[in-house]
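Some labels in a structure description rest on a cut-off.

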Amino acid sequence: MNRLFLNKKLDVYNRVYNYVNMYLENLPKIANGAVIFDIDDTLIDISKVIRKSHNVVLFDQIEPIVRLCKRCKELGYKVIILTARYKYAMMSSFQNLNLFHIEYDEIYHNEKEEDPRFKIQFKQNLANTNNIILCIGDQWHDIQGIYNSLGIKLPCGQNKNAYFTFNNVNFYEI
Ligand SMILES: [Mg+2]
């Protein structure tokens, strides 16, 4: 990846922060409001290892998205972390989130070696007891399954664009 590409990517994350923050600030308060964040390539950049031991790997943060997560907490939303990482990676997740002082209310790992698209069904279950107002992640399955709130698809691999949707049908570039 060249420097221009990396700078563009950071610009996109900052635009996402500004866009979502403005949206949240104008959103009327609702009971049981909750937001769902993915971990890998959402809160942290898995291309940047900063510490590695025999059972824990820590990565650098994606600062604008970490800031956004903290902003959600500040605005009183329940922060739910939903990751396709398997359970054995739990210690790495806890330590990585702590390292960047990311507060959350609930965290869910992948219980079984199954398709990461388990997140779609999982989010629908979470929506039974929470008013999900935002889902954010770098994979389409991070936002799929919820049809009446803000979904943010972050850059992934060579696709440096971010998109928003309110219905998982129409997508707009941020
Ligand atoms: Mg991810």
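**Labels and their grounds**

The model discussed here is predicted. On the face of helix 3 turned away from its buried side sit the exposed residues F94 and N98.

Q: Which residues of helix 3 are buried, and what puts them on the same side?
A: S92, S93, N96 and L97 are the buried residues of helix 3. They cover an arc of only 120° around the axis, and therefore they lie on the same side of helix 3.

Q: Which strands do the buried residues of helix 3 pack against?
A: They pack against strand 2, strand 3, strand 4 and strand 5.

Q: What makes the phi of H101 worth a remark?
A: Most residues other than glycine have a negative phi. Phi of H101 is near 55°, a positive value in a residue other than glycine.

Q: Why is D41 called buried?
A: The cut-off for buried is 20 or more other C-beta atoms within 10 Å. D41 has 20 C-beta neighbours inside 10 Å, so D41 counts as buried. D41 is found in the loop between strand 1 and strand 2, and its phi, near 60°, is also a positive value in a residue other than glycine.

Q: How do you know that the buried residues of helix 4 line one face?
A: The buried residues of helix 4 (residues 118-129) are K119, K123 and L126. Seen down the axis of helix 4, they fall within an arc of 60°, so they line one face of the helix. The face turned away from this buried side carries the exposed residues Q121, N125 and N128. The buried residues of helix 4 pack against strand 1, strand 4 and strand 6.

Q: What makes strand 2 and strand 3 a pair?
A: Two strands pair if there are at least two bridges between them. Strand 2 (residues 44-52) and strand 3 (residues 57-61) have five bridges, in the antiparallel sense. The two strands form a hairpin, with four residues between them. In this pairing R51 stands opposite L58 in strand 3.

Q: Which members of the largest nonpolar core touch the most other members?
A: V35, I36, L43, I65, C69 and I152 do, out of 36 residues in that core. Among the elements that each supply at least two residues of this core are helix 1 (3-26), helix 2 (63-74) and strand 7 (150-153).

Q: Which residues does V35 touch, leaving out those up to four places away in sequence?
A: V35 touches C72, Y77, V79, I80, I133 and L134. Contact here stands for C-beta atoms within 7 Å.

Q: Why does the radius of gyration of the protein chain agree with a compact globule?
A: For 174 residues a compact globule would have a radius of gyration near 16 Å, and the protein chain has 15 Å, so the two agree. The C-alpha trace spans about 45 × 40 × 30 Å along its principal axes.

Q: How many helices and strands does the protein chain have?
A: The secondary structure comes to four helices and nine strands.

Conventions. Residues are numbered from 1 along each chain as its sequence is written. This is a predicted model: local features need pLDDT of at least 70, side-chain atom pairs count only at pLDDT 80 or more; totals for chains, interfaces and linings use all residues. A nonpolar core is a set of buried Ala, Val, Leu, Ile, Met, Phe, Trp, Tyr and Cys residues joined through C-beta atoms within 7 Å. A residue is buried if 20 or more other C-beta atoms lie within 10 Å of its own, exposed if 12 or fewer, and partly exposed in between; C-beta atoms are placed from the backbone. Two residues are in contact if their C-beta atoms, placed from the backbone, lie within 7 Å. The radius of gyration is taken over C-alpha atoms; the globule rule is 2.2 Å times the number of residues to the power 0.38. The arc is that of the directions from the helix axis to the C-beta atoms.
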